[in-house]
Amino acid sequence: MPKPVSICVIGSGYVGLVAAVCFAEMGHRIHCVDNDESRIKTLREGGVPIYEEHLPELLAKHLNRGVEFTCDLEAAVQKSEAVFIAVGTPQRDTGAADLSYVEAVVAEIARAISGYTVIVEKSTVPVYTNEWIRRVLHRHGVDGQSFDVVSNPEFLREGTAIGDFLHPDRIVVGAGSERAAEVMKRIYAPLTEGSYYSQPDALAGPLTASNPARLLVTSAESAEIIKHASNAFLAMKISFINAVANLAEAVDADIEDIAAGMGMDSRIGPKFLRAGLGYGGSCFPKDVAAFHWVAQQRGVAFKLLDEIRKINDSQRDIFFNKVLSAVWTLRGKRLAALGLSYKGDTDDIRESPAIDVIRKLLEAGAIVTAYDPAAMARAQAALPPSEKLHYAGDLYEAARDADAVLILTDWKEFASIDLARLNRTVRFPIVIDGRNLYKPQTMTEHGFTYVSVGRPASYHAHQGKPRSLVL
Ligand code: NAD
């Protein structure tokens, strides 16, 4: 393995923690900083604050060896050749990214810098943030020779974050100086030269020693835009297929067949063509908004970005209306809500369509029993249990005596549900699926009325097809 680099990662959230542990796995020495003392305490004691595959094993492997956790930013920066900023950049009311956490961290870094340090934007930030970071450092009296600012956007997906980090499609380094680019190349050398993949205990994945990771060096501005443009493009694919799904429904076509037929075109590809409740999470909604805001600020009319958001928002209302069409009135109806996280394989509920739909159902007077394989604790903090909202220990408990079962998140556990058991558990066998997890024919064979996205609703013979679903 190449020579270890001493690295400080600021922020121990989804991105910071994964980056810290993966850099340690690549052989580097990591000081991971957070100002949340309880989080640092948990991490020091070997606790794992987020649900992410492979994270518990890698944390146990590297804790107090390759990676240490601390609240002492100054000491951590002083010991490090590169400082990665991985704090949140939430959305402001205007749509712009709130960069106050980044600015606060940069001011602290300025007080701590002792020798040449590469300061790396790992957080998703708008174009020109690198320039603002440079200015803040200058204002705090830091000499221009003692730092460089680099953009190194993160493309990991929650749920497969460790695999994505160690087997990336690409590593983007936006560096204005050769010196900084060299430090970044050294950091990623175990992946780009392939030495990591020849280790006996390396995490298996698509990359190998003979097919290692690719690293693209660009300007900092281009790297910043690559991240926003990539997320906006993926969000566009989701909104596009959802708009097509709504048309498919109106003409009795099947969006699953349509997506399969489109995805076989190598220019389009099958990924992110899943019709459903739309995207959520801490990235796509805010990144589409921030990218739109940046374009507006520069006088560029990028209306497509606003349309992507509008289509996404409307998917939740369309789903809500489907629930109404299936159960008629909502007051006092018992609904099982399967899924709380914004997508499967994560406990993250930020901007989750599931949470939004549940809120709307509660406001309309429904009684909801919710279940999620990983996001129960976070959901209960956001939507506390009440007379109207219950949390169940498993999906069958959630479905007990339900007037209808709603699928809100694409968890594998839900896709492999025991349909015969589900039918015996519910009051009425009605499934309204916001994630298209089942085949309509299978559902009717199991006695369900089944309503999904972009496909004709199917009715069990005994229940008969209503004359119109429109209220
Ligand atoms: P997060 O909210 O999970 O974590 C941010 C962490 O930073 C928190 O633990 C917080 O306590 C800490 N923090 C805030 N201010 C601090 C300070 N002054 N000093 C030390 N620590 C501080 O956020 P996240 O999901 O990890 O996202 C971080 C950034 O990465 C965002 O810009 C996001 O858009 C981007 N990103 C996220 C993902 C993702 O899937 N979550 C993927 C790619 C990029």
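# Close-up views of a predicted model

**View 1. Helix H9 against helix H10.** Phe240, Ile241, Val244, Ala245 and Ala248 of H9 meet Ile255, Ile258, Ala259 and Met262 of H10; contact means heavy atoms within 4.5 Å. By class, this contact has nine nonpolar, no polar and no charged residues. Ala, Val, Leu, Ile, Met, Phe, Trp, Tyr, Cys and Pro count as nonpolar, Asp, Glu, Lys and Arg as charged, and the others, Gly among them, as polar. The model is predicted: local features need pLDDT of at least 70, side-chain atom pairs count only at pLDDT 80 or more, and totals for chains, interfaces and linings use all residues. Residues are numbered from 1 along each chain as its sequence is written, and side-chain values use heavy atoms, with hydrogens and water left out. Helices (H or I, at least four residues) and strands (E, at least two) are DSSP runs, numbered from the N terminus.

H9 spans residues 220-250 and H10 spans residues 255-263. They pack at an angle of about 135°, with their axes 9 Å apart. H9 is therefore oblique to H10. Axes are lines fitted to C-alpha atoms, for helices over the stretch in contact; angles run from 0 to 180 degrees between N-to-C directions. Angles under 35 degrees count as roughly parallel, over 145 as roughly antiparallel, 65 to 115 as roughly perpendicular and the rest as oblique.

**View 2. Asn242 in helix H9.** Asn242 is found in H9. Its relative accessible area is 0%, so Asn242 is buried. Buried means under 20% relative accessible area, exposed over 50%, partly exposed in between (1.4 Å probe, protein chains only). Leaving aside residues up to four places away in sequence, Asn242 touches Arg274, Ala275, Gly276, Gly278, Ile311 and Gln315.

**View 3. The six-stranded parallel sheet.** Six strands form an open sheet in the order E11-E10-E9-E12-E13-E14, and the pairing is parallel. Strands E11 (389-391) and E14 (449-451) stand at the edges, each with a single partner strand, so one side of each lacks a neighbour in the sheet. The twist averages 20° from one strand to the next. Two strands pair if DSSP finds at least two bridges between them.

Strand E9 covers residues 334-338. Four of its five residues are buried, so E9 is largely enclosed by the rest of the structure. E9 pairs with strand E10 (residues 367-371) in the parallel sense over five bridges. Here Arg334 stands opposite Ile367 in E10. E9 also pairs in the parallel sense with strand E12 (residues 404-407), over four bridges. Ala337 stands opposite Leu406 in E12. H13 packs on the sheet, touching E9, E10, E11 and E12, and its direction makes about 160° with that of E10. Helix H12 (residues 303-327) lies across E9, E12, strand E13 (430-433) and E14, running at about 170° to E13.

**View 4. Helix H12 against helix H13.** The axes of H12 and H13 come within 10 Å and cross at roughly 45°. That angle makes H12 oblique to H13. Their crossing is right-handed. Arg316, Asp317, Phe319, Phe320 and Val323 in H12 meet Pro353, Asp356, Val357, Lys360 and Leu361 in H13. By class, the contact has six nonpolar, no polar and four charged residues.

View 5. Thr346 lies in the loop between E9 and helix H13 (353-363). Thr346 counts as buried because its relative accessibility is 0%. Not counting residues up to four places away in sequence, Thr346 touches Tyr14, Tyr51, Glu158, Ser341, Ala374 and Trp411.

**View 6. The eight-stranded mixed sheet.** Eight strands form an open sheet in the order E3-E2-E1-E4-E5-E6-E7-E8, with mixed pairing. Strands E3 (67-70) and E8 (215-218) stand at the edges, each with a single partner strand, so one side of each is left without a neighbour in the sheet. Neighbouring strands are turned by 25° against each other on average, direction ignored. Strand E7 (residues 171-175) and E8 pair in the parallel sense over four bridges. The bridge partner of Val172 in E8 is Leu216.

How values were computed
A crossing is left-handed if the near helix is turned anticlockwise from the far one by less than a right angle, and right-handed if clockwise.
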